[in-house]
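Dear colleague,

Here is the structure I promised to pass on to you. Please have it open while you read the notes that follow it.

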Amino acid sequence: MKRILLLPEAYLDLEEAKNYYDEQKEGLGTEFILAVQNSLHEISIHPLQFQVIYKNDRKCNLHRFPYAVIYKVRKNDIAMKAVAHLMRHPRS
C-alpha cells in the first residue's frame, strides 16, 4: 500500500468543497470528507485500477458526490493533485 501525499492545491479543493457542503446541511461536509477518505483508501490499495485522464494523472470518482480525486502514482508515493467537481471546468 503506497502512502498518499496531499498537494496544497488538493487541500484547498477539499476545504472549499467541505465548506460548501456544510453550508448546505450540517454534517454534509463531514460526509464529503469521509467519501474522499474512502476513495483514497481504494487508491492506496489499487492505484492503477482507475482511469488515466491525462498523461499519468488518474481519477477516482467519489460515491454520492459529483467529485473525483485526481492523483498521480509516483515511484515512492501517490500525489493527490486535486478534488475536482465533475460538472465544472478545472480551477474555475
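**Notes on the model**

Tyr11 is partly exposed, with a relative accessible area of 46%, where partly exposed covers the range between buried, under 20% relative accessible area, and exposed, over 50% (1.4 Å probe, protein chains only). Its place is in helix 1, helices being DSSP runs of H or I with at least four residues and strands being runs of E with at least two, both numbered from the N terminus. Together with Leu6 and Leu12, Tyr11 makes a nonpolar surface patch of about 300 Å². Patches are made of residues with over 30% relative accessible area and no salt bridge, with nonpolar side chains (Val, Leu, Ile, Met, Phe, Trp, Tyr) joined within 5 Å and like charges within 9 Å; the accessible areas come from the Shrake-Rupley method with a 1.4 Å probe, and for residues only the protein chains shown count as cover.

Before going further, please note that this is a predicted model, in which local features need pLDDT of at least 70 and side-chain atom pairs count only at pLDDT 80 or more, while totals for chains, interfaces and linings use all residues. Residues are numbered from 1 along each chain as its sequence is written, and side-chain values use heavy atoms, with hydrogens and water left out.

**The core**

The largest nonpolar core has 20 residues, and those with the most contacts inside it are Phe32, Val36, Ile43, Phe65, Tyr67, Val69 and Met80; such a core is a set of buried Ala, Val, Leu, Ile, Met, Phe, Trp, Tyr and Cys residues joined through side-chain atoms within 4.5 Å. Two or more residues are given to this core by each of helix 1 (8-24), helix 2 (28-45), strand 4 (67-73) and strand 5 (77-85), and the largest share, 6 residues, comes from helix 2. Not counting residues up to four places away in sequence, Met80 touches Ile4, Leu5, Leu6, Leu7, Ala10, Leu14, Val36, Leu40, Val69, Ile70 and Tyr71, contact meaning heavy atoms within 4.5 Å.

Ser39 lies in helix 2 and is buried, with a relative accessible area of 1%; leaving aside its neighbours within four places in sequence, Ser39 is in contact with Cys60, Asn61, Leu62 and Val69. Asp57, whose place is in strand 3 (residues 57-61), also counts as buried, at 12% relative accessibility, and among the residues that Asp57 touches beyond four places in sequence are Gln51, Tyr71 and Lys81.

**Aromatic pairs**

A search of the whole structure finds 7 aromatic pairs, a pair being rings of Phe, Tyr and Trp (its six-membered ring) with centres within 6.5 Å, called stacked if the planes are under 30 degrees apart, edge-to-face if over 60 and tilted for the rest. Tyr21 and Tyr67 form an edge-to-face pair, 6.2 Å centre to centre with 65° between the planes. Tyr21 lies in helix 1 and Tyr67 in strand 4, so this pair ties together parts that are 46 residues apart in sequence; both Tyr21 and Tyr67 are buried. The rings of Phe50 and Tyr71 have their centres 6.5 Å apart and their planes at 85°, so that pair is edge-to-face. Because Phe50 lies in the loop between helix 2 and strand 2 (51-54) and Tyr71 in strand 4, the pair ties together parts that are 21 residues apart in sequence, and both Phe50 and Tyr71 are buried. Ring pairs also link Tyr20, Tyr21, Phe32, Phe65 and Tyr67 into a cluster.

**Salt bridges**

The structure holds 5 salt bridges, each defined as a side-chain nitrogen of Lys or Arg within 4 Å of a carboxyl oxygen of Asp or Glu. Asp77 forms one of them with Arg3, the closest N and O atoms being 3.7 Å apart. Asp77 lies in strand 5 and Arg3 in strand 1 (residues 3-6), so the pair ties together parts that are 74 residues apart in sequence. Asp77 is buried, with a relative accessible area of 7%, whereas Arg3 is exposed, at 53%. The side chains of Arg74 and Asp77 also meet in a salt bridge (2.8 Å, N to O), and Arg74 counts as partly exposed at 33% relative accessibility.

With best wishes
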